Amino acid sequence: MLTDYHVHLRRDAEGTSAAGAFTVANAERYRAAASEHGIAELGVSEHVHRFSAALDVWDHPFWRASAVDDLDAYCEFVRERTDLRLGIEADFVPGREDRMANLLDGRDWDYVIGSVHFIGDGAVDDPAYDVYRSLSPEQVWRRYFETLAEAARSGLFDVLAHPDLVKIWGGERPRPEGDVRRWYEPAIEAIAESGIAVEVSTAGLRKPVGEIYPSRAFLELCVEAGCPIALSSDAHAPEDVGHGYAAALELLADVGVRELCVFERRARRLEPIG
Ligand SMILES: [Zn+2]
Ligand SMILES: [Zn+2]
């Protein structure tokens, strides 16, 4: 069984609205694209910073600018008017774990995807808040993987998104000296201890780095440590659903992954890829 759980109905472009994204017709476009790729398990995971409730968690300027949607209306739309699984992509904000827990609690998610997009106030993946303005490449990569470990240990999330997102820019940002694998092991130790599922995401294929998240070396260590694997595209448009899955399935087979996580009401089971 194939899954695509990390999917956004709402595009990133400015000038879009919840009213335009959260429609039955739009959900059906994603469902049709999933069917074309043989993806039976389809869920959505809108960015937490899209919702006004997120400002109770963190008041970063990027969040303030985008937090306009109503979280309950989103949940109700997905549950009542679509056949999609209900998820959310929630940032890990160090020190704000209780506030994020308050936001997540009491809503009936199928799964919660945890992401690290920021180190302090600097963004790993957004040039408008570029983390490289204040930190060296060495600091960015080290702190990224430290924060990833904290995110796993927080217990807030079911899936850890795009685990080596920090590589997103490829050659467009300076890289740290030496082998970056030195930061993998402590992160994977935390991930394995926490029991969180590790996302294999084809989104990196659409970014400057042109690689699946995580790297093969990172994934091999996860598999060795017994981490369950979730597969997603991080689509922000129907045409991205299942994008790059042939490459992802080849990688998964190569490293010995034969089962994928399936989620329902925050309970996880493993299903053969088939
Ligand atoms: Zn993300
Ligand atoms: Zn995403």
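Strands E7 and E8 (residues 197-201) pair in the parallel sense over two bridges. Within that pairing, leucine 160 has valine 198 in E8 as its bridge partner. This is a predicted model. The points below cover the sheet, the zinc site, a helix contact and some backbone features.

**Sheet**
- E7 and E8 belong to an open sheet of seven strands, which runs in the order E1-E2-E3-E4-E7-E8-E9 with parallel pairing.
- The edges are strand E1 (2-4) and strand E9 (229-232); each has a single partner strand, so one side of each has no neighbour in the sheet.

**Zinc site**
- Glu89 (OE), His117 (NE2) and His162 (NE2) coordinate the zinc ion (ligand 1), at 2.1 to 2.2 Å.
- The donor residues of this zinc ion (ligand 1) follow the spacing E-x27-H-x44-H in sequence.
- A distance of 3.6 Å separates the zinc ion (ligand 1) from the zinc ion (ligand 2), and glutamate 89 coordinates both.
- Glutamate 89 sits in strand E3 (residues 85-91), while histidine 162 is in the loop between strand E7 (159-160) and H7, so the pair ties together parts 73 residues apart in sequence.
- Glutamate 89 and histidine 162 are both buried.

**Helix contact**
- Helix H6 (residues 137-153) and helix H7 (residues 184-194) have axes that come within 8 Å and cross at roughly 5 degrees.
- H6 is therefore roughly parallel to H7, since angles under 35 degrees count as such.
- On the H6 side the contact consists of Phe145, Leu148, Ala149, Ala152 and Arg153; on the H7 side it consists of Tyr184, Ala187, Ala190, Ile191, Glu193 and Ser194.
- By class, the residues of this contact are eight nonpolar, one polar and two charged.

**Backbone features**
- Most residues other than glycine have a negative phi, and most peptide bonds are trans.
- The peptide bond joining tyrosine 213 and proline 214 is cis, with omega about -10 degrees.
- Proline 214 is located in the loop between E8 and helix H8 (216-224).
- Aspartate 234 has a positive phi, near 55 degrees.
- The loop between E9 and helix H9 (245-254) holds aspartate 234, which is buried with a relative accessible area of 8%.
- Arginine 265 also has a positive phi, near 50 degrees, and lies in the loop between strand E10 (259-264) and strand E11 (267-272).

Notes: Residues numbered from 1 in each chain as written. Chains lettered and ligands numbered in written order. Predicted model: local features only at pLDDT ≥ 70, side-chain atom pairs only at ≥ 80, totals over all residues. Heavy atoms only, no water. Axes fitted to C-alpha atoms, helices over the stretch in contact; angles between N-to-C directions. Helix = DSSP H or I, 4+ residues; strand = E, 2+ residues; numbered from the N terminus. Parallel < 35°, antiparallel > 145°, perpendicular 65-115°, else oblique. Contact = heavy atoms within 4.5 Å. Nonpolar A, V, L, I, M, F, W, Y, C, P; charged D, E, K, R; others polar. Donors = N, O, S within 2.8 Å, 3.2 Å for Na, K, Ca; no water. Buried < 20%, exposed > 50% of the residue type's maximum accessible area, 1.4 Å probe, protein only. Pairing = 2+ DSSP bridges.
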